[in-house]
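Thank you all for coming; I would like to walk through one structure this morning, starting with the overall chain and then turning to its aromatic rings. Please have a look at the view on the screen before I go on.

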Amino acid sequence: MSSAKSIGGRFVKRIADKLHTAPDATSDSWDAIQLARHQERPYPLDYIGRFCDEFEELHGDRLFRDDPAIVCGIGRYHGEPVAFIGEQKGRDTADRQYRNFGMPGPEGYRKAMRVMNLATKLDIPLVTLIDTPGAFPGAGAEERGQGGAIARSIAEMVRIQVPTVAVIIGEGSSGGALAIGVADRVLIMENGTYSVISPEGGSAILWRDAGKARLAAAAFRPTAATCYRFGVVDAVVPEPEGGAHKDHDEAARLLDQYLQRQLKELRAMPRADRLRQRRERFRRLGAHKEFAIGDPSAVVSGRVDLTAPSDPSAPQAAK
Amino acid sequence: MSQNPIQVTVDRLKRIAHIPERAPRKPADAGTCPKCQSHFSSEEMVANARVCTNCAHHFAITARERLDHLAGGHDEWREIWTELRASDPLQFVDLEPYPDRVRKAEQSTDLGEAVVVAELEIEGELCVAAIMDFKFMGGSMGSVVGEKIARGCERAIELGVPLVAITSSGGARMQEGVLALMQMAKTVVAFEEMADANLPIIVVLTHPTTGGVWASFAALGDFTYAEPGALIAFSGPRVIEQTTREKLPDDFGKAEQQLLNGQIDAVVDRRDLPARIGKVLRICHRPDLAAQPPLANIISQASGERMGRIADAVAETITQTLPKLPKKIADRVAKAIEPRGGDDR
């Protein structure tokens, strides 16, 4: 039993259970994805409405058009102005089509970048709320530079001078999620998922069968627990009993507590330290092995496994 | 089309001379261009950087062949960080386990990973090159590719030279799950470090550059070129057709089209690439940034004097304690601290 579990409250115990016990991969991942996609789950505007007494939404990228899949603006959050960027899905069919199922195009990311620049200008913190099945795959989006827009959005998030917190509130898939997810602190809701691709997309490519989504979900393990173990997220935010869709007020209250604490910590840090730590955080993430061939400095610094074979074409499992 | 003289072997000229009026069209095989059905020999292929001499069709080229070509037809480049290998953080199994796929790719391509990072001179200008190879698991970007590109940037900053990145990738490596996604952020962070060091980045997009690679560092070059006919897209045509049910034109996402869309600076024939990159490197040449001594050298120089003082103090202590030691040990110590070369005899 982990120490967090033995001393923690109700939520801490449940999350400690999820994080530290070996999960039954298949059902766990698939359940998490179903919960993360639940249509009654709170979306960014639901959270922002509960966080802020007053919120001014901004529209348009000033270049082409407004993308309703991304909502952003400025709100008064606990007596301070804070900039928000969120990926919004819709609840009913008409709303979903209007929001393009939460799949932003390049305009959406350019709008987000506009708000990032605004946050820098006003020197106010930025909070991003991620909930997307991925960036929109469409001919028009490609022609207007979908890839470049995501890349520049990531670069802007790396560069931006103010404290930033990203929260994965639902499903976070592919570059569409990462584009607004490179922050000082990354949080994930208990039932949120974060992965390189949606299980449907992954099964279509790797299994060559879109129907194998359950298998893919089990293999990708996109759950909060996996992300926490890999250090991809800094904290897991508890949800009300049964999931965030059961009680929006309670979900917003819990997220609010975590957000406030992270923002307080970040505000207390010197700017240069914060920016350096943000870069180092993402520079560090990854999993690779290193063998003692090639660069001799690797041997000196003790980063490599000296027992590895010298033949680079046939390495055996090491470490 | 290339302005360079096209190299044609004598064999080939002979064969053209003997072609009958209307040669029966054969299906494309290893020795035939799929576009114009002309034949070629393998030496000719290598000499022309795997570009069809007849119709300028760009064949796939391995990363190391490309380095030879960029370095001016010889192998004067030094590959760095060959010791990095993929690990399997998710214990991922799709149709076969991930480590097996990696091992197969290693054996079939003779590469350690989907990217080769090397130091080389292009037209006499030193640079660091990161070259992706599509043959290694679709050139997908996993932890090792991200790490190698990030370290490539760090080496470029250390040397004060530009980075040349030649991309060819299907996107992020799905077998590494969310960590593969994080490599997009990692490469962008590394490119930001390059920006802080005022160093230029040249990106060449080759067929195909899609997904997570095009949505991260590949789109952030200061000079962005593409090879003719290269597919450059975030989502490939097949994905778009499945999702939106729209019929796409054949040239969708091709380099020529992306030039019109304003996504790239120019479409450059592969045979012209060394000259074109060399030209940019010459323009950007900054001797004041280049060849700054690495940090380790500066530290060791500064601490050299201090180390000398410590060594002196240690030697003095030993000399003082020497008479108190047993004779056998004292002799051995005296021999060990005796200056190299000893006194002239």
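Among contacts in chain A (heavy atoms within 4.5 Å) between residues at least 6 apart in sequence, 71% join residues at least 24 apart. This is a predicted model, in which local features need pLDDT of at least 70 and side-chain atom pairs count only at pLDDT 80 or more, whereas totals for chains, interfaces and linings use all residues. Residues are numbered from 1 along each chain as its sequence is written, chains are lettered from A and ligands numbered from 1 in the order in which they are written, and side-chain values use heavy atoms, with hydrogens and water left out.

Chain A has 15 helices and nine strands, taken as DSSP runs numbered from the N terminus (H or I, at least four residues, for helices; E, at least two, for strands). Of its 319 residues, 57% count as buried, meaning under 20% relative accessible area with a 1.4 Å probe, protein chains only.

Now to the rings: over all chains, the structure holds nine aromatic pairs, where rings of Phe, Tyr and Trp (its six-membered ring) pair if their centres lie within 6.5 Å, and planes under 30 degrees apart count as stacked, over 60 as edge-to-face and the rest as tilted. The centres of A:Phe51 and A:Tyr77 are 5.6 Å apart and their planes stand at 65°, so this pair is edge-to-face. It links distant parts of the chain, with A:Phe51 in helix α4 (residues 44-51) and A:Tyr77 in strand β2 (residues 70-77), 26 residues apart.

How values were computed: Buried means under 20% relative accessible area, exposed over 50%, partly exposed in between (1.4 Å probe, protein chains only).
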